[in-house]
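This report describes a sheet, the helices packed on it and the nonpolar cores. The sequence and the structure are shown first.

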Amino acid sequence: MSSAATPDVASATALLRALLGDRLHEPGDPAFVSATRLWNAAVDRAPTLVARCLDADEVAAAVRVATRCHLPLSVRSGGHDWAGRALRDGGLVLDLTGMRAVRVDPDAATVTVAGGATAADLLTAARPYDLVVPTGVVRDVGMAGLTLAGGYGPLCGRFGLALDNLLGAEVVLADGRRVTADPRHDAELYWALRGGGGNLGVVTELRYRAHRLPAVLAGMIMFALAEAPAVLRGYAALLAEAPDELTVMAGFLPGPAGEPVVFVCPFYSGPDLDAGLPWVDRLRALGVALVDQVGPLPYADALRMFDGGMADGNHYLLRTRWLPALGDDAVDALVDAARQVSSPFSALALHHFHGAASRVRLADTAFGLRADHLLTEVIAVWAPGGAAGAHEAWAERTSEALAPHSLPGGYPNLLAPEETDRVRLAYGPNWARLRRAKQRYDPRDLLTAVPTLPPSEHPG
């Protein structure tokens, strides 16, 4: 928040206590500790209050208190933002983790979720109807945070990003008003929400288009590190021919003994899963598989292969690049990074953006890149208590090695709070319109979320 007024914590505490009772947590409360513990244990911030809200009216009232009492504000939904923007030093945290209701309308093929719902919450409720909504690969991630800045995932080619399936949202604005954002109600806010992150308001409900998908052909194929150059080059060649129904993730994961192995992870989502078998066979033929576990599964079950891969409580630092293609130089940079990895927990991931996601017009949403590309995640992970320097250096070195082969900007959900120049580049021609929306809906910069937009007085 740009206001220099002194925070009035005492008044805020009294007002919120009257509103929430024992769902207002202060330092020293046992619940305060759990409410401020995030997935990334490297985050070290000290908010002043945590307001555990259970409905949109409580959210609106808490926002008004934050404004009246000059408290910085942050929102906790899934808590999986690696940079920990759910917490602000000296601020009020709106904890939406108790708002996890899901409503499925099988006739209309829609799913509506509350602001704290996770991908697992959504998929569990939709499963009896053979319906899915595009998600990321980690089931514990909050749908709001995933969707508002993008939402890459295994169904990207056939159904687009998560934000491409957002039909509308209920939002509490920075002045405490509750509004609806959809094509018929505040279309400009609806445009900005789809890519602009949580910077425009607090989203208390999201309504998605759902798709009938009883099962996918999916799984993990792993190869020894020595085979990585050939595997990644073959992977790149396959992507150039892949149909919409086939989205393939790849990268490096810790192997059984902690050594890095190269992996490819296909998700074939066509109506005839047998049509995906030749593509899987091509991936298998890229090398001598150490692990080959691909088969038909319900989508929600297929995502379980990623459970536990990035465990709560470790320390994380992420870097991201957008690769327009996986050329030889980029392959070499990735393989070198895997060979030099500083921790047995760290990983590199390539997310395949193509098909339906690439056919959305750039001006139709705030999301700033619609050309085919690979989102690259550089994920440095180390155990609590360990020195961070070597792991942070590995991530930075890898990011810089990929930079000459990358597009400007990067995925806003993964950019660091200080990377405001790259955030601007990430939105390309949509930047100016998004900044105007930010100034319209949050002129006092109450909200600083993912991606972190520069404050209003920032040039550009």
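## Sheet, helices and cores

In this predicted model, helix 9 (residues 277-284) lies across strand 12 (216-223), strand 13 (246-254), strand 14 (260-268) and strand 15. The direction of helix 9 is at about 5° to strand 12.

These strands belong to an open sheet of seven strands, in the order 15-12-14-13-17-18-16, with antiparallel pairing. Strand 15 (289-297) and strand 16 (315-323) are the edge strands; each has a single partner strand, so one side of each has no neighbour in the sheet. From one strand to the next, the twist averages 15°.

Within the sheet, strand 17 (residues 347-353) and strand 18 (residues 373-382) are joined by seven bridges in the antiparallel sense. In this pair, H351 is opposite L375 of strand 18. Helix 12 (residues 389-402) also packs on the sheet, where it touches strand 16, strand 17 and strand 18.

| Helix | Residues | Strand used for the angle | Angle |
|---|---|---|---|
| Helix 9 | residues 277-284 | strand 12 | about 5° |
| Helix 12 | residues 389-402 | strand 18 | about 165° |

The largest nonpolar core has 64 residues, and L232, Y235, F252, V264, L326, L350 and F367 touch the most other members. What does L350 touch, not counting residues up to four places away in sequence? Its contacts are L232, Y235, V248, M249, A250, L323, L326, L334, L374, L375 and T376. Another core, of 60 residues, lies apart from the largest one and includes L193, Y208, Y299 and A302.

Notes: Residues numbered from 1 in each chain as written. Predicted model: local features only at pLDDT ≥ 70, side-chain atom pairs only at ≥ 80, totals over all residues. Heavy atoms only, no water. Pairing = 2+ DSSP bridges. Helix = DSSP H or I, 4+ residues; strand = E, 2+ residues; numbered from the N terminus. Axes fitted to C-alpha atoms, helices over the stretch in contact; angles between N-to-C directions. Contact = heavy atoms within 4.5 Å. Core = buried A, V, L, I, M, F, W, Y, C linked by side-chain atoms within 4.5 Å. Buried < 20%, exposed > 50% of the residue type's maximum accessible area, 1.4 Å probe, protein only.
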